[in-house]
Every structure is written in structure tokens, then in C-alpha cells.
Amino acid sequence: MAWITLYITMLLLIPARLTIDSLGSAGAPSMLVGLVSLFFWVLLHFRPRPAALNRRRPVRIAVFVFLFSAGISYVHAMSRPLLGDERSPADVAILTLLSWAGAFLLTQDAVDARSRLELLVWRLALCGGAIAVLGLVQIITRRLWVDEIAIPGLSGGPTFGLGSRSGFPRPAGTATHPIEYGVILAMLFPLTWHVAFFHVERSKWLRFAPAVALSAVIPLTSSRSAYLGCAIALVVCMIGWPQRRRFAMLGFIALGVMFMMVATPHFVTSVTELFTGAQNDPSIQSRTDSYGVAAEFIRVNPWFGRGLGTFLPKYWIFDNQYLVLLVTVGVVGAVAFLMLGVTAVVVAAGVRRRCDPEGRDLAMSLLAAVLAGFVCLFMFDAFAFPMTMGTLFLLLGMVGCLHRVESATRVIGGCDGQAAGLPIPELSPVVPSSGGGAMAEPGSGRV
């Protein structure tokens with residue numbers, strides 16, 4: 001838990017521009033922690049393990065299939081002549097993918113009870129709340145602030161400054177780009193509301209603070225990706241919420257929209273034009289022009305692509321990660337990655353049907369977060385933004401962890417599971433909530 005918490009801190013709270021200079025593009029602190037996580041996961045499998053823990057884990061299988069396809073693509077790329085500036089990015093891309101996989105595997109297999117998974121969700125929500133507050137400060141002061149941070153041992157990369165759209169600032173938090181920042185917030189959005197509604201052993205102000213901070217900053221990001229991801233996550237969560245909570249959230253949204261229309265009508269107009277005027281937006285035109293360019297590269301290496309990391313920005317910027325995958329890891333790798341997302345969504349939906357109310361809401365929140373992340377990959381080249389993918393693989397690991405601990409509980413059962421040495425998730429007693437759902441009772445034993 002402590003090591004995964006360190007990974008979350010390094011990933012979200014250290015500005016993305018700060019790296020270990022001697023390691024170049026492979027020197028991001030979160031990347032190094034992820035690679036060590038992969039080593040720890042290997043050591044984890046030398047421990048004696050109860051038979052229930054050896055059951056099939058579909059999300060992990062899907063990750064291994066994608067890793068295998070990316071590995072074949074890498075070998076294929078190394079077997080052909082590469083330009084000098086393509087070889088190093090290909091090596092870094094594989095190392096980065098292994099780092100994300102390390103975070104995923106350790107999260108899925110080392111977190112041994114649902115109470116500890118809830119603690120991890122709480123820490124992730126706190127970090128999300130922190131970068132949301134930073135985004136609000138950037139908007140109010142119209143300054144990045146993170147470009148002034150210096151950490152011993154880390155050197156700063158290029159600073160892009162605070163972006164703007166229609167005259168309004170676009171916060172980036174600790175991320176490299178406002179799009180990356182908005183997508184990360186969209187993925188964390190459903191988890192912060194899970195914490196707000198179900199971590200009732202904490203102070204109400206404390207548990208609602210991350211959700212309120214994200215709800216305040218996401219509308220101000222001026223990012224189509226953030227709006228789309230947040231809308232998808234919210235719709236999925238509302239499907240699983242009780243009716244009174246859905247109506248309360250719709251009322252909260254309506255009040256927020258009315259306030260924005262009165263306070264900053266020009267901003268509301270600019271947000272509306274992001275969608276109504278999309279046909280005249282140069283960024284949309286660039287995305288549509290990418291299809292023909294991608295088709296030419298795919299035709300040359302259709303099945304396993306030209307190699308992960310070898311398609312450099314000097315060739316073209318697709319602003320669509322799935323097009324990049326088709327070019328770099330081919331049809332096989334792109335389908336494997338899509339199936340990873342589908343597998344995680346199906347697994348989370350299956351776990352939701354078998355859990356108590358708190359577990360159902362956690363499963364639905366993770367499903368919403370993963371779905372939002374995978375849909376937003378259509379909007380930008382996400383593999384070039386390690387914060388986004390590190391967060392997405394961490395969420396995939398949480399889905400796998402929830403499936404593992406709930407499956408182990410059903411197979412072994414409470415008393416027998418403890419006798420076998422398997423930590424069993426604590427199923428909290430529930431009482432009806434005023435919102436129409438069921439909430440965990442304070443003092444239910446969650447760590």
C-alpha cells in the first residue's frame with residue numbers, strides 16, 4: 001500500500017516536466033517507481049499463496065495479451081532498419097509500458113482486502129482534489145506556479161506556459177498539457193463522489209472536498225476531452241445511483257450552469273461553441289485529416305505495426321491514440337488494447353452484481369472511470385502523456401483487485417478464508433441513507 005501510494009504521489013503531484021536529467025525521457029520519477037513495482041510483483045509470486053488466489057484474472061490476462069503484442073511489434077521494429085532518432089523512443093516506449101504494467105500488477109495482486117482498496121481510493125481522491133485545487137489557483141491567478149517548483153535531483157523540462165482558449169485560461173495542474181489534465185480529472189471524478197457518499201467514517205467536509213474541487217474545476221478547463229469524459233463518467237454513475245441521489249446531482253448541475261450563465265455568460269458561450277462550431281475548429285480538422293495519413297502507414301505494416309514509439313511527431317500528430325496504436329502496434333495490438341478496456345468494463349459490471357451497496361458503488365465508479373479514460377483516448381495521443389496512462393493502468397489494477405478479493409471471498413467464505421491465511425474484504429453493515437441508497441455505517445472497521 002505504501003509503495004502504491006508513493007507511485008500515486010509521484011504520478012500526480014510531481015510536475016510532469018521534472019525528470020532525472022541523466023536518464024533523459026526515461027527519467028520521470030513515477031516511471032522508475034513503476035518499474036520497481038514490476039520487480040516487487042515478481043517477488044510477490046515467490047510467496048506461498050492460497051489456492052483461491054490462483055484463480056483466473058481476466059483483466060491481468062488482457063494486459064498480458066497487450067504486452068505480448070507490443071513486444072512482438074518491438075521485435076519486428078528492431079529487425080528492420082530504423083532511423084537514428086526512432087530507436088531510443090522505441091526503447092523508452094517499451095520501458096514506459098512496463099512501468100504502467102508494474103503499477104497495474106502490483107495494485108491488482110498486492111492489495112489484499114477491499115478495505116485496503118478503499119483506502120487506496122481515498123488517497124487517490126485526495127491527490128485528485130489537490131491537483132484540482134491547483135487548477136483553480138492557476139485560473140484565478142493566471143499563473144502556472146508549477147514552473148517555479150524545484151526538487152533536488154530533478155531537472156525541469158520545457159515549460160509551455162498557461163494556455164488559453166477564447167480568452168479564458170486553461171489550467172494544466174501538474175500535467176504537461178490542459179488536455180491531459182482534463183482527462184485525468186474526468187477519470188478521477190467518479191471515485192471522488194464514491195468517497196463523498198460512502199466514506200462516512202471521515203468528516204463530511206473532508207470526504208466531499210475532493211469531489212467539490214473536481215466539480216468546480218472541470219467546467220473551467222475549456223477542454224472537450226474533459227467534458228466528454230466527465231459526462232460519460234457521470235452518466236454511468238447515475239445509472240447505479242438511487243433515484244434521490246440522481247435528482248440531487250441533476251439539481252446541483254443545474255444550479256452550477258445557472259450560476260455560470262449569470263456570472264460569466266461569455267464563458268458559457270465559448271464552451272458551447274467548442275461543440276457547435278467543431279466543424280470550423282482547426283484541431284478537429286487536423287484530426288479528420290489524420291485518417292488518410294494513418295491509412296498509408298497502416299497499409300505498410302498492418303498486423304503488428306512499425307513499433308511502439310517509432311512514430312514521431314515530425315511525421316504527423318494524430319491526436320487520436322487509437323490511430324497511433326494502429327500505426328505503431330498494428331491491428332493486433334490495437335484490438336488487444338481495446339479488448340483490455342472491454343474486459344475491465346465487463347469485469348467491473350460483473351463484480352457490481354455480486355457486492356454489497358458500498359462495493360456496488362465502488363465497482364460502478366471504477367467502471368465509469370475506466371470507460372471515460374478509454375473513450376477520451378480518441379481525443380489525443382495519450383501514450384505521449386505518462387500521467388494519463390499511468391492513472392488509467394492504476395484504475396485497471398483497481399478493477400482487477402476488486403474482482404480478485406470479491407472472488408476469493410465467495411470461493412473460500414469468511415471463516416475458512418481467514419483460516420487459510422487469505423485476507424477477506426470486510427463487508428460493512430449498511431443502513432438506509434437519506435439519499436435513498438445504502439451507506440456504510442460509521443466505524444464499520446474500514447482501515
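**Helix 8, its partners, and a neighbouring pair**

Trainee: At what angle do helix 8 and helix 14 pack?
Mentor: Helix 14 covers residues 357-376. Helices here are DSSP runs of H or I, at least four residues, numbered from the N terminus. The axes of helix 8 and helix 14 lie 8 Å apart, and their angle (scale 0 to 180 degrees, between N-to-C directions) is about 155°.

Trainee: Is helix 8 roughly parallel or roughly antiparallel to helix 14?
Mentor: This is a predicted model: local features need pLDDT of at least 70, side-chain atom pairs need 80 or more, and totals for chains, interfaces and linings use all residues. Numbering starts from 1 along each chain as its sequence is written, and side-chain values use heavy atoms, without hydrogens or water. The angle is about 155°. Because over 145 degrees counts as roughly antiparallel, helix 8 is to helix 14 roughly antiparallel.

Trainee: Which residues of helix 14 meet helix 8?
Mentor: Contact means heavy atoms within 4.5 Å. Helix 8 brings S225, L228, G229, I232, A233, V236, C237, I239 and G240. Facing them in helix 14 are M364, S365, L367, A368, L371, A372, V375 and C376.

Trainee: How many charged residues are in the contact of helix 8 with helix 14?
Mentor: Asp, Glu, Lys and Arg count as charged; Ala, Val, Leu, Ile, Met, Phe, Trp, Tyr, Cys and Pro as nonpolar; the others, Gly among them, as polar. The contact of helix 8 with helix 14 has 13 nonpolar residues and four polar.

Trainee: How does helix 8 run relative to helix 9, roughly parallel or roughly antiparallel?
Mentor: The axes of helix 8 and helix 9 come within 9 Å. They cross at roughly 150°. That makes the pair roughly antiparallel.

Trainee: How many residues are charged where helix 8 meets helix 9?
Mentor: L234, M238 and I239 come from helix 8. R246, M249, L250 and I253 come from helix 9. By class, six are nonpolar, no residue is polar, and the charged count is one.

Trainee: How far apart are the axes of helix 9 and helix 10?
Mentor: Helix 9 and helix 10 pack at about 115°. Their axis separation is 5 Å.

Conventions:
Helix = DSSP H or I, 4+ residues; strand = E, 2+ residues; numbered from the N terminus. Parallel < 35°, antiparallel > 145°, perpendicular 65-115°, else oblique.
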